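Open the model in your viewer and keep the selection tool at hand. Each stop below says what to select and what is there.

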Amino acid sequence: SGKISTRISAIDVDMSDPQRPVLFWTDHHSGRIAFTTIPPPSDAKLYEYPYQSSASRTERRRRRDHGDPERDGQPQTLIDGLNDPRGIAVDWVNRLIYWTEAGSKTIRAVSLIGNHLKRTIVEGNLERPEEVVVDPEQGRLYWIDHSAQPKIEGARLDGEKRSFLASKDLLRPTGLAIDRPNGRLYWADPKAHLIESLALDGTGRKVVKSFPRGGDQPFGINIF
């Protein structure tokens, strides 16, 4: 036995229950998706760890009152046996996790309910899918494919109605983020020294910020 070596590629947070947010991440070294629940305050109401088999009320009370040394602050594996998982996105409406799998050149999803059934959402014409974001209220997902000519694409949450959004002048796009209220995607491109944006239908592409050569290089973006 021994500790699992960890190489985190991407993270996302499930805030569907603000009282117990859950942090998910892809670990490309061990080929798994893991999570941890942020513990509640000591005076919080009784709760269960999500995504696990239910425990007895007595056992849940013991964890609340005395902690659970096997779980508190420790990562739990949601699914493993994955082939180089990279990007990750939580669909809080449909209770799904989407991730990109560079090794199998696919985008996949797993249910957070029941037996964690996995399914392939997008395959074909992908070389190295990495970042992924979801817009469950509009029923869409978006991703970056680091092919010989990088590109940004979108599709419905079931993988249908796939659409091309951008490719021209992309060098190393990363840090994909979605501005849902304004209907725009943002990304950083450290090789181009740019942060760019476009509308969710692929129109209206514009430079948000440029960085001087030899200076800062943008790698990640988040939108609040």
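**Stop 1**

Select β9; seven of its seven residues are buried, so the strand is mostly covered. Buried means under 20% relative accessible area, exposed over 50%, and partly exposed in between, with a 1.4 Å probe and protein chains only. Strands here are DSSP runs of E with at least two residues, numbered from the N terminus.

Two notes before moving on. This is a predicted model, in which local features need pLDDT of at least 70 and side-chain atom pairs count only at pLDDT 80 or more, while totals for chains, interfaces and linings use all residues. Residues are numbered from 1 along each chain as its sequence is written, and side-chain values use heavy atoms, leaving out hydrogens and water.

Find Val-132, with Trp-143 of β10 opposite. The two strands make a hairpin with four residues between them. In the turn, Gly-139 has a positive phi of about 70 degrees.

**Stop 2: the largest pocket**

Which residues lie closest to the centre of the largest pocket? Select Ile-11, Asp-12, Ile-88, Val-133 and Asn-222, out of 28 lining residues. The pocket holds about 890 Å³ of space. A pocket is an open set of points on a 1 Å grid over the protein atoms alone, where a 1.4 Å probe fits, with protein on both sides within 12 Å along at least five of seven lines; lining residues have an atom within 4 Å of a point.

Now colour β1 (8-14), β5 (85-91), β9 (129-135) and β13 (174-179), the elements that each give two or more residues to the lining. β1 supplies the largest share, six residues. The lining divides into 16 nonpolar, six polar and six charged residues.

**Stop 3: the open sheet**

Follow β13-β14-β15-β16, four strands in an open antiparallel sheet. β13 and β16 (206-210) are at the edges, each with a single partner strand, so one side of each has no neighbour in the sheet. From one strand to the next, the twist averages 20 degrees. Select β15 (residues 194-199): four bridges join this strand to β16. Leu-194 has Ser-210 as its bridge partner in β16.

**Stop 4: Leu-96**

Select Leu-96, in β6 (residues 96-101). Leu-96 is buried, at 10% relative accessible area. Its contacts (heavy atoms within 4.5 Å) beyond four places in sequence include Ala-89, Val-110 and Arg-119. The C-alpha atoms of Leu-96 and Ala-109 are 6.5 Å apart, with the residues 13 apart along the chain.

How values were computed:
Points joined across faces, edges and corners; volume = space filled by probe spheres on them. Nonpolar A, V, L, I, M, F, W, Y, C, P; charged D, E, K, R; others polar. Pairing = 2+ DSSP bridges. Axes fitted to C-alpha atoms, helices over the stretch in contact; angles between N-to-C directions.
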